[in-house]
Amino acid sequence: MNTIRSAFRNPPFLTLLLVALVWIVASFTLRGFGAYGHLRYLLELAAVIGIAAAGQTLVILMGGIDLSVGAVITVTAILLPLFSPAWDPTGLVGIAVALAIATGIGLMNGAGAAYLRVPPIIMTLAMATFLQGLLVIVAGGSAVTVSNPAVILLGQARPLGIPAGIILWLVVSIAILLLVHRMPIGARFLALGANPLAARLSGVSVTRNTLMVHTLSGFFAGLAGILVLGMNRQGYVGIGDPYLLTSIAAVVLGGTSILGGRGTYAGTIPGAILLVTTTALITVVNASPGWRSIMFGTLILALLLVSGREARR
């Protein structure tokens with residue numbers, strides 16, 4: 001009985017249970033919703049949010065928020081086709097350059113937060129604003145078509161019937177879970193998020209860990225940008241905008257404290273799936289974008305209230 005009671009007090013479990021209930025009900029009430037192809041498509045869409053939210057989870061665990069995620073996704077999707085040289089038939093050089101740029105942006109975010117003492121939310125907001133202006137100058141309103149074979153393969157390949165994006169998300173998920181829960185660095189992230197002063201007094205470097213979480217966030221946002229580019233076959237200004245709030249919402253829906261120090265990527269995974277599923281259901285009933293935002297906000301607020309209540313116990 002105590003095990004069952006504790007399970008229902010576990011935010012990641014509650015989010016996963018809610019996803020399962022929604023899928024079961026929708027499969028019986030909406031024709032075609034429960035088909036394997038449709039559920040696979042939902043997971044493929046959730047993979048982009050989940051990968052972008054991987055770095056966001058780390059930043060939030062340390063008590064920050066990365067508001068540059070959407071801009072970094074857009075930067076990657078636009079610049080990668082421009083840095084894919086004709087002499088590289090594999091397309092891996094373009095991917096490496098794009099990831100290096102995204103990682104470098106994350107590093108600059110971390111440097112601003114660590115050395116200049118700019119709050120992460122302000123630093124990343126300023127970076128996002130700068131990048132958006134730069135992209136308008138570079139790309140204007142035109143879309144950039146991708147011809148990079150590796151990117152196209154990532155977005156379109158289905159080994160054993162499973163989209164490559166889902167496989168990539170699985171790899172990222174395992175890596176993040178091991179990082180947070182099985183490696184000393186994960187414990188340092190959680191310690192700094194829970195009590196920065198106590199962590200500093202115990203010898204944990206705020207500067208080094210701040211640099212690391214933001215650098216990782218930039219890397220995973222870049223990885224999500226490559227996946228988005230492969231799935232859409234083109235990049236354009238604003239392509240990453242929808243993933244800013246959804247990357248934060250997935251983390252919050254998964255039970256990670258927005259104040260840091262408590263949470264797990266195991267909750268972010270069903271959080272991303274829940275967001276995509278909700279979007280699909282709203283699309284089926286032809287709800288307007290306004291109602292979509294209202295429902296997202298209601299979901300996030302409800303789970304915030306639940307997690308806040310559990311934290312006070």
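Tutor: Let's start with Ser173, which, leaving aside its neighbours within four places in sequence, is in contact with Tyr265 and Ile269; contact here means heavy atoms within 4.5 Å. Ser173 sits in helix α8, where helices are DSSP runs (H or I, at least four residues) numbered from the N terminus. With a relative accessible area of 6%, Ser173 is buried; buried means under 20%, exposed over 50%, and partly exposed in between, using a 1.4 Å probe and protein chains only.

Before going on, a word on the ground rules: this is a predicted model, so local features need pLDDT of at least 70 and side-chain atom pairs count only at pLDDT 80 or more, while totals for chains, interfaces and linings use all residues. Residues are numbered from 1 along each chain as its sequence is written, and side-chain values use heavy atoms, with hydrogens and water left out.

Now for the helix α13, residues 265-284, which packs against α2 (residues 11-29) at an angle of about 30°, with the axes 8 Å apart. Those axes are lines fitted to C-alpha atoms over the stretch in contact, and the angles run from 0 to 180 degrees between N-to-C directions. That makes the two helices, α2 and α13, roughly parallel; the label covers angles under 35 degrees, with over 145 roughly antiparallel, 65 to 115 roughly perpendicular and the rest oblique. On the α2 side, the residues that meet α13 include Leu16, Val19 and Trp23, and their partners in α13 include Pro270, Ile273 and Leu274. By class, the contact of α2 with α13 has twelve nonpolar, four polar and no charged residues; Ala, Val, Leu, Ile, Met, Phe, Trp, Tyr, Cys and Pro count as nonpolar, Asp, Glu, Lys and Arg as charged, and the others, Gly among them, as polar.

Back towards α8, the loop between α7 (149-156) and α8 (164-182) holds Arg158, while Glu44 lies in helix α3 (residues 36-61), so their pairing ties together parts that are 114 residues apart in sequence. The two side chains, Arg158 and Glu44, meet in a salt bridge at 3.0 Å, N to O; the term asks for a side-chain nitrogen of Lys or Arg within 4 Å of a carboxyl oxygen of Asp or Glu. A search of the whole structure finds one salt bridge. Arg158 is partly exposed at 37% relative accessibility, whereas Glu44 is buried at 6%.
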